[in-house]
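Colleague: Hi! Could you walk me through this structure? I'm still new to this.

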Amino acid sequence: MLLRTLTSRYPLTALIAAGVTIGCQIPRARAAEAGTATELTLSVTGQASHKPDVMVATMAAQATAKTAAAAQSAVNRAVAAALAATNAIKALRATTGGYEVYPADPKQAAWHASQTIDLRLATSPGSDHAKDLRRMIGMLQAKGMTLESIGATLSQSAARKTRAAAIKDAVAQMRAEADATAKSLGDHVSAITKLSLTTQSPFRPVMMAARIQSAAPQMRSGPITEQINLSATVTLRAAP
């Protein structure tokens, strides 16, 4: 079986344009080459968007003291108080993060300690619950904690739906490009094989900053878009 290979990383219009030129030549040879097949490599990107439905923030408690024990004790008290305060928001999930203690100067005359708290709330940035979270952040800042970062993302269920929609979009594009190229060559699509799919985890930061000690931040977030990169080998054969 004779085999011709076409590789495309260009938009559909370029493929069709190329197909018009090639299509003028290939049919003449097909009378003598009835078994000829063409392998076409296509790459497309599917997209789908969803409004963020989860807010995440990271706070940090820090202290500097003459001894490591004193610094740690201060951080421990701050973290315990912060965790207790977050209980006021029933749906808020608060978990402790990294803990550090190290000399604040080369002579170890002072020690620095810190620990982070991760806050996760299943709500959209513009909801009333989001306002509760922002007020909570402001209250913790007033007590000496710093805002490390704050952002919006998707829940697992929303992420799965968004990913499935992006895959559906990529597959539809793949089929459309394969059919259009085959038609321009006077062929038909025989098979789609060697599929390769890559994805990126969606996350849209609303605000990212280090050591923020100002008032609670204002937040606004647009839809989160997930992209699916799909490539495949498409086998084309002469139309019957």
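Modeller: Happy to! One term to start with: a residue counts as buried when its relative accessible area is under 20%, and as exposed when it is over 50%. Please keep in mind that this is a predicted model.

Colleague: Thanks! So what share of the protein chain counts as buried?

Modeller: Of its 240 residues, 36% count as buried. The accessible surface of the chain comes to about 13,300 Å², and 54% of that belongs to carbon and sulfur atoms.

Colleague: How many helices and strands are there?

Modeller: The protein chain has five helices and nine strands. Starting at the N terminus, the order of elements is β-α-α-β-β-α-β-β-α-β-α-β-β-β.

Colleague: And what about contacts between residues at least 6 apart in sequence?

Modeller: Among those contacts, 84% join residues at least 24 apart.

Colleague: Let's go inside. Which residues touch the most other members of the largest nonpolar core?

Modeller: Those are Met-59, Leu-119, Leu-133, Ile-137, Leu-140 and Met-145, in a core of 26 residues. At least two core residues come from each of β3 (54–65), α3 (68–86), β5 (111–121), α4 (128–142) and β6 (146–153). The most come from β3, which gives six. Another core, of 15 residues, lies apart from this one, and Val-44, Ala-170, Ala-232 and Leu-236 are among its members.

Colleague: You mentioned α3. Which of its residues are buried?

Modeller: In α3, Ala-71, Val-75, Val-79, Ala-82, Ala-85 and Thr-86 are buried. Looking down the helix axis, these buried residues fall within an arc of 120 degrees, so they line one face of α3.

Colleague: What covers them, and what sits on the other side?

Modeller: The cover for the buried residues of α3 includes β3, β4 (93–103), β5 and α4. On the other side of α3, Ala-69 and Arg-77 are exposed.

Colleague: How far does α3 reach?

Modeller: Its 19 residues reach 27 Å from the first C-alpha to the last, close to the 27 Å expected at 1.5 Å a residue.

Colleague: What about α5, how does its span look?

Modeller: Helix α5 covers residues 156–185, which is 30 residues, so at 1.5 Å a residue it should span 44 Å. Its end C-alpha atoms are 43 Å apart, which agrees. The buried residues of α5 include Ala-158, Thr-162, Met-174 and Glu-177.

Colleague: What follows α5?

Modeller: Gly-186 does, and its phi is positive, near 75 degrees.

Colleague: New topic: how many salt bridges are there in the whole structure?

Modeller: A search finds two. In one of them, the side chains of Asp-128 and Lys-131 meet, at 3.9 Å from N to O. Arg-135 forms a salt bridge with Asp-132, and there the closest N and O atoms are 2.3 Å apart.

How values were computed:
Residues numbered from 1 in each chain as written. Predicted model: local features only at pLDDT ≥ 70, side-chain atom pairs only at ≥ 80, totals over all residues. Heavy atoms only, no water. Core = buried A, V, L, I, M, F, W, Y, C linked by side-chain atoms within 4.5 Å. Buried < 20%, exposed > 50% of the residue type's maximum accessible area, 1.4 Å probe, protein only. Helix = DSSP H or I, 4+ residues; strand = E, 2+ residues; numbered from the N terminus. Salt bridge = Lys/Arg side-chain N within 4 Å of Asp/Glu carboxyl O. Expected span 1.5 Å × (residues − 1). Arc of directions from axis to C-beta. Contact = heavy atoms within 4.5 Å. Areas by Shrake-Rupley, 256 points an atom, 1.4 Å probe, with all protein chains shown as cover.
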